[in-house]
Amino acid sequence: MTIVYVVAGGPTEEIVLDGFLFTHEDILYIGADHGAITLLEAGITPYAAVGDFDSMTKEEWLTVKESVQEIEGFQAEKNETDTELAILKALEFSPTCIYVTGVTGGRLDHYESNLHTVYRMQKQFPQTPIYIMNKTNRLQFLFAGTHQITKDASYDYLSFYPFGEAVEKMTLRGVKYETTDLDIPIGSSRFTSNEILADFATATFTKGTCLMIQSKDA
């Protein structure tokens, strides 16, 4: 089992370095640009550092060069974001899953960019679950079909939002508020703050893309 953490350069207070289920020994870390410094400052040497490194000081860059075995540098003028390049690097290891952290705080344009990047990458590589994590939330994109969602004591709440288009015929089982064949139109907040009651819940829908958010209070 290979679990890859992509650590980006967002605010340190939002970054999760060991999740709730894993220890450092279970995880392969990749630093996206300044995320490599965040890892090193936490006492974790990333397997690789990826990006244009334009957010680093000269001293930080020298630290990365001295500490990280594999560095993939790119020009600042490029089509891909550093996070996207780091996810592509993570996929080289055929991981069980990928966690992306350090992408939800700070600049909202960066958050939106990373959210759309993960959506596109998840659609391109549906066999590898890609999660966005911060200290209180875990986000994942779901596509049409049936999905089993295991109850996780780390998260109290479960929400679903249509992404890009309406979701059709959502059926939820094993949750506090069950539904049968309900559509979720763009702009709807009806599927916010549900709760898993059983060991696992199921979400089934026939069309569209769902942004699923598992949350807890801070």
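These are my notebook entries on a few places I looked up in this structure.

**Entry 1. The model**

I am working with a predicted model. I kept that in mind throughout.

**Entry 2. Helix α3**

I started with helix α3. How many of the ten residues of α3 are buried? I found nine of the ten buried, so α3 is largely enclosed by the rest of the structure. I wrote down the buried ones: D82, T83, E84, L85, A86, I87, K89, A90 and L91.

I searched the whole structure for salt bridges and got six. What does the side chain of K89 meet in a salt bridge? The partner is E70, at 2.2 Å from N to O. E70 sits in strand β4 (residues 70-73) and K89 in helix α3, so this pair ties together parts that are 19 residues apart in sequence. K89 is buried, with a relative accessible area of 5%. E70 is partly exposed, at 24%. I also noted a network of salt bridges that links E70, K89 and E92.

Next I took E84. Its side chain meets that of R120 in a salt bridge of 3.1 Å, N to O. E84 belongs to helix α3 and R120 to helix α4, so the pair ties together parts 36 residues apart in sequence. E84 is buried at 9% relative accessible area. R120 is partly exposed at 38%.

I then moved to R138. The side chains of D152 and R138 meet in a salt bridge, 3.4 Å from N to O. R138 is in strand β7, while D152 is in the loop between β7 (137-150) and β8 (157-162). The two are 14 residues apart, and the pair links distant parts of the chain. Are these two buried or exposed? Both D152 and R138 are buried.

**Entry 3. N114 in α4**

I went back to helix α4, which spans residues 108-124 and holds N114. N114 has 9% relative accessibility; the cut-off for buried is under 20%, so N114 counts as buried. Which residues does N114 touch, leaving out those up to four places away in sequence? I found T81, T83 and V103.

**Entry 4. Y29 and P46**

I looked up Y29 in strand β2 (residues 27-32). Y29 counts as buried, at 4% relative accessibility. From Y29 to P46 I counted 17 residues in sequence. Their C-alpha atoms are 4.8 Å apart in space.

**Entry 5. Positive phi angles**

I checked two residues other than glycine with a positive phi. What is the phi of S94? It is near 45 degrees. S94 lies in the loop between α3 (82-91) and β5 (97-101). S94 counts as exposed, at 63% relative accessibility.

K169 has a phi near 55 degrees. K169 has its place in strand β9 (residues 167-173). At 44% relative accessibility, K169 counts as partly exposed.

**Entry 6. A charged patch**

I ended on the surface. Which residues gather in a patch of negative charge there? They are E165, E168, D181 and D183. D181 counts as partly exposed, with 46% relative accessibility.

Methods: Residues are numbered from 1 along each chain as its sequence is written. This is a predicted model: local features need pLDDT of at least 70, side-chain atom pairs count only at pLDDT 80 or more; totals for chains, interfaces and linings use all residues. Side-chain values use heavy atoms; hydrogens and water are left out. Helices (H or I, at least four residues) and strands (E, at least two) are DSSP runs, numbered from the N terminus. Buried means under 20% relative accessible area, exposed over 50%, partly exposed in between (1.4 Å probe, protein chains only). Contact means heavy atoms within 4.5 Å. Patches are made of residues with over 30% relative accessible area and no salt bridge: like charges are joined within 9 Å, nonpolar side chains (Val, Leu, Ile, Met, Phe, Trp, Tyr) within 5 Å. Accessible areas come from the Shrake-Rupley method with a 1.4 Å probe; for residues, only the protein chains shown count as cover. A salt bridge is a side-chain nitrogen of Lys or Arg within 4 Å of a carboxyl oxygen of Asp or Glu. Lys and Arg count as positive and Asp and Glu as negative; His and the chain ends are not counted. The place of a charge is taken as NZ of Lys, CZ of Arg, CG of Asp or CD of Glu.
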